[in-house]
Each structure stands twice: as C-alpha cells, then as structure tokens.
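User: I am new to this structure. Please show it, and then let us go through it with questions.
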Amino acid sequence: MTSSSAPGFAGLWAALEPVGRSSSGGYRRFAWSATDRVLREWFADECAKRGLDYVEDRAGNQWAWWGDPDAAPGQGVVTGSHLDSVPDGGPFDGPLGVISALAAVDALRRVGFQPAKPIGVVCFADEEGARFGVACSGSRLVAGSLSPERALALRDVDGLSMAEALTAAGRDLTGFGPDPAAVQRVGHFVELHVEQGRALDHIGASVAVGTDIWPHGRWRIDFPGEANHAGTTALRDRRDAMLGYADTVLAARATAQEHDCLATIGRVSVRPGAVNAIPSSVTGWLDVRGSDPTAVRRTVLDITAHAGSFGATVVEESWTDDTRFDTSLVRRMQRALGNVPLLSTGAGHDAGVLAAAGVSSAMLFVRNPSGVSHSPAERAELADCLAGVEALTTVLADLAGPPG
Ligand code: HGY
Ligand code: MN
Ligand code: MN
C-alpha cells in the first residue's frame with residue numbers, strides 16, 4: 001500500500017495543533033469543555049469532508065463510517081483513538097491515532113481501494129479521565145463497563161458533575177449510557193498510538209504491534225486531620241492530615257519497588273488549602289500498575305494498610321484487568337506488516353476497554369524518541385508518524401479488503 005502523503009497528514013496535524021495548547025506548551029483538552037467542543041467539531045468536519053457517515057453513540061463517542069455498518073453486522077473495521085489530554089499533556093497521545101485514522105482513509109481512497117467491509121473511524125470521549133477522574137469513561141460507558149449513574153455523578157475540581165458539564169455542552173442526557181448496537185458494529189478495532197516509552201527507539205523500529213495492556217487501577221485515599229492555626233497550635237496538639245499523606249507517598253514508592261510494580265500519586269487535594277492552616281484533610285489519588293496482576297493487588301493492599309494506619313480510607317475508582325489483545329488479529333497484523341516487533345504497554349487505552357468487552361482489538365505503536373508522555377516533551381518524528389499511517393493503511397486494507 002502506498003505511503004500516505006506528508007501534506008495530508010501535516011495539514012491535519014497543523015489544524016489540530018493549536019487547539020487547547022497551554023502556556024506550558026502542553027495541552028489542556030478536558031472532556032466536555034469548550035476546548036473539547038472545538039475538537040469534536042473539528043473531527044466531525046473532517047469526517048464530513050470525506051463523506052463519512054457521522055454518528056454519535058449514547059455515550060457521546062464520535063463514529064464515522066465508510067460503508068454501511070448495519071449492512072454487514074459485526075463486520076466493521078474500526079480505527080481511531082481520543083483527542084482529550086491530561087493537564088499539560090503531549091501533542092501525540094490520542095490525536096496521533098485520530099489523525100492517522102483519517103490519513104489512512106485518505107491513503108486508501110488515493111489508490112482506489114474499495115472496502116469489502118465497512119471502515120469506521122472513531123474518536124472516544126474522555127479517555128484520560130483528567131477532569132472527572134475515571135479513565136476511558138467514553139469507551140467504558142459505551143461498552144457497559146461504567147454505569148451512566150456513576151459517570152454522571154462524577155465531579156470535577158470545581159464540583160461540577162459530568163451531568164452538568166454535558167448539559168452545559170448542549171448534550172441531551174436522554175438514554176446516555178451503554179450502546180450495544182454501536183459496539184456490535186465493530187468486527188475489529190485497531191488503535192494507533194504514540195509509544196509511551198522508548199522500546200522502539202532502543203531497537204530502531206518505527207512501528208510495533210501492541211499485544212497487551214498491564215493491569216492497572218486508580219484509588220482515592222482520604223487522610224483525616226483537624227484544621228487549626230499554623231502559628232498557635234503546638235506540634236503535640238496537631239492532627240495534621242499532611243503527615244499521613246506524605247508518609248504514604250514514600251511508602252507507596254517503596255512498596256512498588258518491593259513488588260516490581262509502578263505506583264504514582266500524581267494528584268493531591270488539601271483542605272482548607274491555606275498556608276497558615278493545618279490541613280483538616282488531604283486526598284491523594286494513587287495509580288498502580290505492573291505486568292503481574294497479583295503483584296499489583298499486593299502493592300495496593302500494602303499501601304492501603306499503610307494509609308489505614310493514619311486513619312485514611314481507600315476507595316477503588318477504576319480497575320483494568322491484564323488485557324490481552326486478540327492474538328489472531330495481532331498475528332494477522334504482523335503478517336500484513338512483515339516482521340514488525342510486538343510491544344506490551346503499561347498505558348491504558350480505549351482498545352483495552354473494547355478488548356475487555358469482547359471486541360477483537362489490537363494496537364499499533366509509533367516510535368517516541370523521547371520516551372516521554374503525559375508531558376509537553378512527548379515526541380514523534382514525522383517520518384515515523386507517516387510510517388505509522390502506512391502501517392495502519394496496510395492493516396485496514398488487509399482487514400477490510402476482499403476475502404482470499
Ligand atoms: O492512564 C493511562 O494509561 C492512559 O493514558 N489513560
Ligand atoms: Mn494518555
Ligand atoms: Mn492515549
């Protein structure tokens with residue numbers, strides 16, 4: 001399959017690049033925000049330009065079809081990713097998959113390809129969970145692994161619920177939630193994503209096929225304390241919530257090291273949050289991942305016990321099991337692409353949610369020479385991005401082409 005045209009890809013990239021970029025150079029593209037609306041409209045416009053049949057599912061995810069997915073139930077060959085970001089996230093995490101999907105459709109059309117199966121492009125809502133705290137909320141909602149009741153009640157740092165944010169974004173909440181019909185249209189889902197590590201850089205490869213996602217989860221830990229004056233309260237009289245929090249952060253790191261896992265507390269909230277007031281409560285959000293689910297669970301148990309010794313409560317906010325992608329699809333992609341390397345990842349993706357819901361799914365990773373992600377330092381070279389588009393184009397042609 002011929003390679004995509006750089007101007008096509010570069011044009012798509014240039015249009016999206018300024019949207020939601022903050023003064024840090026990172027992106028602040030949060031679900032159901034005004035920036036998100038610009039992104040959603042951009043995606044819908046690009047699909048309209050290509051004459052794709054645009055439809056939104058009951059969870060607000062955006063789909064666009066080349067061919068009628070209902071004329072061939074369960075045969076849809078779908079690719080795509082997400083456009084939202086973590087605070088000050090990088091430019092590639094998510095958008096590279098969406099733009100590559102559009103560029104791959106363009107490349108197929110340039111060579112006169114006629115799909116024997118419907119080809120879909122999807123943009124999932126709220127993959128990062130940056131605003132409401134649950135990752136992959138759009139794909140979990142549509143797949144039925146996150147209840148609409150729980151999702152709509154989630155609140156952002158300003159106390160706005162997802163229901164209020166959706167309503168403010170002009171969305172009708174009637175029927176908001178799972179959409180089995182949308183999921184059943186998908187025969188295969190392939191998500192292209194920038195690598196969030198340096199494995200490809202170390203082996204000198206542009207593209208890899210993703211095989212699995214490590215088990216991982218998020219836990220909210222609330223440390224109790226007693227508000228009081230910083231200048232008049234003797235140390236012996238204090239119940240300082242910050243001490244338990246700080247001790248637990250260090251314990252989380254030591255426990256993860258002990259169990260060969262990764263533990264991160266990247267978000268904290270302090271009340272009342274005054275320089276001259278002893279904290280009455282501190283909330284930390286814990287992220288734990290690892291290749292061995294038992295070790296991950298052990299790590300969480302140990303951290304929970306440690307936090308509990310300070311009177312803290314721990315609530316699981318999301319959990320993703322060890323997710324193996326469809327091995328027959330992975331092998332088929334490897335055959336179509338030649339001997340590209342296989343790659344496991346500790347990062348969660350919508351492809352993992354669909355795989356867990358029984359959809360034949362897999363991923364393509366594109367080299368990131370910095371290895372950094374969830375940071376403005378995230379990078380991918382244009383040549384590797386185009387190699388990713390070419391690989392995705394080849395995979396789509398193989399999956400949606402005539403049998404035989
Ligand atoms: O957290 C993750 O792994 C993904 O970026 N949502
Ligand atoms: Mn991410
Ligand atoms: Mn992502």
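Analyst: Buried means under 20% relative accessible area, exposed over 50%, and partly exposed in between (1.4 Å probe, protein chains only). This is a predicted model, in which local features need pLDDT of at least 70, side-chain atom pairs count only at pLDDT 80 or more, and totals for chains, interfaces and linings use all residues. Residues are numbered from 1 along each chain as its sequence is written, chains are lettered from A and ligands numbered from 1 in the order in which they are written, and side-chain values use heavy atoms, with hydrogens and water left out.

User: Is H193 buried or exposed?
Analyst: The relative accessibility of H193 is 1%. Because of that value, H193 counts as buried.

User: Which residues coordinate the manganese ion (ligand 3)?
Analyst: Donors are N, O and S atoms within 2.8 Å of the metal (3.2 Å for Na, K and Ca); water is not among the atoms, so sites may look incomplete. For the manganese ion (ligand 3) the distances are 2.1 to 2.2 Å, and the residues are H82 (NE2), D93 (OD) and H193 (NE2).

User: How many residues apart are H82 and H193?
Analyst: Helices (H or I, at least four residues) and strands (E, at least two) are DSSP runs, numbered from the N terminus. H82 lies in strand β3 (residues 76-82) and H193 in strand β5 (residues 186-194). The pair links distant parts of the chain, 111 residues apart.

User: Which residue coordinates both manganese ions, ligand 2 and ligand 3?
Analyst: The protein donors of the manganese ion (ligand 2) are D93 (OD), E128 (OE) and H374 (NE2), at 2.0 to 2.2 Å. The two ions, ligand 2 and ligand 3, are 3.5 Å apart, and the residue that coordinates both is D93.

User: Does H374 count as buried or partly exposed?
Analyst: H374 sits in the loop between β15 (360-366) and α13 (382-400). D93, at 4% relative accessibility, counts as buried. H374 has 40% relative accessibility and therefore counts as partly exposed.

User: What is the radius of gyration of the protein chain?
Analyst: The radius of gyration is taken over C-alpha atoms, and the globule rule is 2.2 Å times the number of residues to the power 0.38. With 404 residues, a compact globule would have a value near 22 Å. The protein chain agrees with this, at 22 Å.

User: How many helices and strands does the protein chain have?
Analyst: Of the 404 residues of the protein chain, 53% count as buried. As for helices and strands, the protein chain has 13 helices and 15 strands.
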